[in-house]
Amino acid sequence: MFKSVVQLNGTNNIMKIDGNIIYVCSDKNIIKIDKKTSNVIDCKKVFPKNGKSRDFIIDGDFIYFREFCTCYRIDSDTLTIMNEWKLGNDLRTDICGICTDDSNFYAGIRNGPLAIINKKTGQLKYYNVSDSSIWTIKADDFIYAGNVNGQILKIDKLSYQLIKDANIHKKNLKSMLLTKEYIYTGSQDLSLGIIDRETIECIDKYKNCHKKMFYLVGKWKNYIITASVPCGETKIWDISNHSLYKTINKATWNMTMKDSKLYMMDGGMISYADMNKL
């Protein structure tokens, strides 16, 4: 079902895809791989040491990295660190969820604050929008965020003030996916929430979506994909009637949808499955 793309070395590997390039942060290195040919285009040592708390976003000419309390802006062509910002000082102020839009880089800081870096000026500001840590955040017409208290937050993009919040889950709202009409939320209470984007009210909720912790992988056609690593399964949900369409007995913490293909990174192995052939 899954076809191999490339096998890499390294202990701590994170994969992201942008266009025809697969970016992998592997220990101290960033590796660029041609998605079509599987050839390694570039590999460069960027960080002085290995990191287990990294995450990153491909944002046009730059890559924004989160590592503990620091945000790095890296040139996506030369793989050179261009800027860095210290957003916190210790485990009480480290970076949680991250996202970008045309103007800013957004980061949820543990215990509630929202850090915003202006991409043009590099100016860093903080806004108090949540009573608990924000572990998932998306910027679109508004800023939408999910926190440890199980709330969804709707934040104005001009004033960065909280417009509205809603109690959706009993535990951490840790994963979120935006579609045109809805926000899909995944929580440590094991439920999948379907939220109206305008009102941020819960339209429907599916309890025990997986038997153990899961996250939202992405959207494909009229389907939503969720994955539970502890359960070793990936589920495909039909948006039209919010029913389970198919279960795949495989999952990793690093999965994404791209061009009708479900990509996953398992250790150093990158592979994909064609969704049209499942």
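Here are a few friendly notes on the predicted model above, from the whole chain down to one strand.

1. Ground rules. This is a predicted model, where local features need pLDDT of at least 70 and side-chain atom pairs count only at pLDDT 80 or more, while totals for chains, interfaces and linings use all residues. Residues are numbered from 1 along each chain as its sequence is written, and side-chain values use heavy atoms, with hydrogens and water left out.

2. Overall build. You will find zero helices and 28 strands in the chain (DSSP runs numbered from the N terminus: H or I of at least four residues for helices, E of at least two for strands).

3. Burial. Of the 278 residues, 53% count as buried, meaning under 20% relative accessible area with a 1.4 Å probe, protein chains only.

4. Strand β24. Six of the six residues in β24 (residues 233-238) are buried, so this strand is largely enclosed by the rest of the structure. Glu233, Lys235 and Trp237 lie on one side, with Thr234, Ile236 and Asp238 on the other. In a regular strand, side chains alternate between the two faces of the sheet.

5. Its neighbours. β24 runs antiparallel to β23 (residues 223-228), with six bridges, and to β25 (residues 243-248), with five; pairing requires at least two DSSP bridges. Asp238 stands opposite Tyr223 and has Ser243 of β25 as a bridge partner.

6. The turns. Each hairpin has four residues between its strands: Gly232, between β23 and β24, has a positive phi of about 65 degrees, and His242, between β24 and β25, has one of about 55 degrees.

Methods: Buried means under 20% relative accessible area, exposed over 50%, partly exposed in between (1.4 Å probe, protein chains only).
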